[in-house]
Amino acid sequence: MGEFKSDVLKIIRIMEFSAAQDIHITLGNHDKYRELLQLVKRSTLHEMDAVIQYGEHSYHLSHYFEDVESDPKDFNLYGHNPVAKTGKVRTRWFLNGVEGIHVIEKDTGKVHVLRYPWGTNDYRYRRSKRGL
């Protein structure tokens, strides 16, 4: 199992062993649906774009900011954009997955940001250490 797949499995296990009732994971353009499907037990995988209703809130989950920007919901989660920062616009949250893993409390709508494991951004941006 490659290092990246091993790190993904760690994140999935942490989420799936949590007390969360439901877990939704949206894939990025380099993620492989069939491979990830084998790793999840109780999470719901969404390929690149999905709109879901959960409790009293609506959520737009997409890999691309342009998708959520054109059809915003209460919570808009996106990635693949280092420019569009996380923030609240009037009553709607825009949560950039490049910045971290966003956990939203169903009853309160409170947003928590979890940092990615060390080295995630280096892998994401194909950076490697060079030197002596």
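These legends describe close-up views of a predicted model. Local features need pLDDT of at least 70 and side-chain atom pairs count only at pLDDT 80 or more, while totals for chains, interfaces and linings use all residues. Residues are numbered from 1 along each chain as its sequence is written, and side-chain values use heavy atoms, with hydrogens and water left out.

**View A. The five-strand open sheet.** The strand order is β3-β4-β5-β7-β6, with mixed pairing. Strands are DSSP runs (E, at least two residues), numbered from the N terminus. Two strands pair if DSSP finds at least two bridges between them. β3 (49-54) and β6 are the edge strands; each has a single partner, so one side of each lacks a neighbour in the sheet. On average, neighbouring strands are turned by 20° against each other, direction ignored. The axes behind this angle are lines fitted to C-alpha atoms, for helices over the stretch in contact; angles run from 0 to 180 degrees between N-to-C directions.

**View B. Strand β7 and its two partners.** β5 (residues 75-79) and β7 (residues 92-96) run parallel, joined by four bridges. Phenylalanine 75 stands opposite tryptophan 93 of β7. Leucine 77 faces leucine 95 of β7. β6 (residues 87-89) runs antiparallel to β7, with three bridges between them. Here lysine 88 stands opposite tryptophan 93.

**View C. The hairpin of β6 and β7.** Two residues lie between the strands. Arginine 90 takes a positive phi near 55° in this hairpin.

**View D. The largest nonpolar core.** Ten residues make up this core: Val8, Leu9, Ile12, Ile23, Ile25, Leu27, Leu36, Leu39, Val40 and Leu45. A nonpolar core is a set of buried Ala, Val, Leu, Ile, Met, Phe, Trp, Tyr and Cys residues joined through side-chain atoms within 4.5 Å. Two or more residues each come from α1 (3-16) and α2 (33-39). α1 gives the largest share, three residues. Helices are DSSP runs of H or I, at least four residues. Leucine 39 is in contact (heavy atoms within 4.5 Å) with Lys5, Val8, Leu9 and Ile12, leaving aside neighbours within four places in sequence. Apart from this core lies another, of eight residues, including Ile52, Tyr54, Leu77 and Leu95.

View E. Histidine 46 lies in strand β2 (residues 44-46). Its relative accessible area is 12%, so histidine 46 is buried (under 20%, with a 1.4 Å probe and protein chains only). Histidine 46 touches His24, Ile25, Thr26, Leu27, Ile52 and Leu61, not counting residues up to four places away in sequence.

Key
Buried < 20%, exposed > 50% of the residue type's maximum accessible area, 1.4 Å probe, protein only.
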